[in-house]
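Hi there,

Here is the structure I promised to pass on to you. Have a look at it first, and then read on for what turned up.

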Amino acid sequence: MPEMTGGQALIRSMHREGARVIFGLPGVQMYHAVDPVLDQPDMRFVTTRHEQATAYMADGFTRAGGGTGTAMVVPGPGLLNASAAIGTAYAASSPILVISGQVDRDLIGFDRGILHEVNDQQDTIRPITKAAYRVLNAVDVPATVHEAFRQLRTGRPRPVEVEIPPETLAEVADVDLLEPGDYRRDAAPDDEIERAARVLAQAKNPIIWAGGGVLSSGASDALVRVAEHLQAPVMTTQEGKGAIPDSHYLSMGSLKSRSDDFRNHLKHHDVFLAVGTRFATAMLTHDAQVVQIDVDPDEIGRNFPDTLGVVGDARASLEKLALALEDAMPPAESKRAVLDKLRAARFGPALRIEPLDSYMRAVRAAIPDDGILVAGVTQLGYYSRLFYAVEQPNTYLTSSYFGNLGYAWPTALGAKVAQPDRAVVSISGDGGFLFNSQELATAVQHGINAVGIVFNDNAYGNVMRDQAERFDGRIIGSKLHNPDFMKLADAYGARGVRAETPAALETALRDSIASDDAPTLIEVPFGPVASPL
């Protein structure tokens, strides 16, 4: 057995599993984890300016198709700082790996008040991870890393945390490294597929509800095949945008809010095929049959009682379902004429809001179809749920039900590291952008040339409007004092552009994407607008 430190065993094991990028902050408990990265020439360490950004970037990297994104933080405040981003990855079912330090091995659980101690920090992280592990001996590092990657690559994809004390990382031992696992994502059992096919074949007016699980399993082609055979319109959750091209006549987009008028149309459908989604946003008010495909058995029937469960990987299960449907029924008669009318009403001028729509059209026009948009929790981000057309999978990223300010810009940086040759753009409000504006420094230092658009109304705009409307014009806490964003960009060494009209925004965004020689901050002065919801 080769002799190595626990830190070397960690990095070599991660490398064997395919990890090539770590987003992290070096700290005293992690020295022996960071140093071995230098021994792997094809491994990259991206230093962030705040621990929150480490996990946001890992999330963006993972969801943009870069492989398993890894965040590395010190224990205690480092891990807690990262927890908002880990929670976002959990909500979005994004399989990121979090490597955390610990306090001295012999003092864990004694609550002595030593540097960075949280007693017990795993209790703080378990609710937002799929699994959490503590390694106390160097010889156990490879097996723990191996198990962590098994969890990341099988079943429901969600974050996994591994924490290691400094002595374990520094300890020299004879360590056996393990070969990476070869994991399969299995389809649902044949009997479940056959029952689902019978129900769908007998449906009078089926509809498909597609979630993020379609994207994470690479099931888009199989989904479209099933939808076309059934002539079933497809609704997507926010996380599922891109599961079917929005230009496809079967695509009905996403619900823009809980009060979306399209909900009234749902009562015309007798069978719902829910794929890779909790089916929480449908909120059905009529009797219907739900066929739910999900890799996580705990999700079956969570939000609707009359559910026929199909437990398996979305792509593998949809491929089997497509074959079963083709055996059970001929292709359904085309509904294109009817659905074209429905799409015209759904995406037509009656539902659009200015100036939100003009700015949204400008963004859509400037970003190539394979470009990635990270939609922040802001007014244009909300508007994009329905009115930003997504043509390819994994090109529209949201914070899912976590709905947290500050995630868009660092998530976009992670996505750009994963896809350096593609356009990556984030949309933020001024308030949300300033949560992580310091990551402009990270972008410049590491040559991560993403584009951040900041719609600046000098306020938490949604909050200020709601306060004014609901509390007789009384406003508290929602007005902001902001920096000069152009000077801020210049101070970090980034490109700064101010765009005061939709046309100017489209031009600035096209130019920034085309040049791609520096990170760019585009500020859009923005006044109060009607609610995008």
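The lining of the largest cavity divides into six nonpolar residues, seven polar ones and no charged ones. Here Ala, Val, Leu, Ile, Met, Phe, Trp, Tyr, Cys and Pro count as nonpolar, Asp, Glu, Lys and Arg as charged, and the others, Gly among them, as polar. The volume of this cavity is about 60 Å³. Among its 13 lining residues, Gly 376, Val 377, Gly 406, Ser 428 and Gly 432 are the closest to the centre. Strand E17 (424-429) and helix H16 (430-433) each give at least two residues to this lining, and E17 has the largest share, with three residues. In the whole structure, the search finds three cavities of 30 Å³ or more.

Before you go further, please keep in mind that the model is predicted: local features need pLDDT of at least 70, side-chain atom pairs count only at pLDDT 80 or more, and totals for chains, interfaces and linings use all residues. Residues are numbered from 1 along each chain as its sequence is written, and side-chain values use heavy atoms, with hydrogens and water left out.

On a 1 Å grid over the protein atoms alone, a cavity is a set of points where a 1.4 Å probe fits but cannot get out, while a pocket is an open set with protein on both sides within 12 Å along at least five of seven lines; lining residues have an atom within 4 Å of a point. Points are joined across faces, edges and corners, and a volume is the space filled by probe spheres set on them. Helices (H or I, at least four residues) and strands (E, at least two) are DSSP runs, numbered from the N terminus.

Now to the second largest pocket, with a volume of about 630 Å³. Of the 22 residues lining this pocket, Thr 62, Arg 63, Pro 95, Leu 215 and Ser 216 are the closest to its centre. At least two lining residues come from each of helix H3 (51-63), helix H6 (141-153), helix H9 (212-216) and strand E16 (396-397). The largest share, four residues, belongs to H9. By class, the pocket lining has seven nonpolar, 11 polar and four charged residues.

Do explore these places in the viewer, and write back with any questions!

Best wishes
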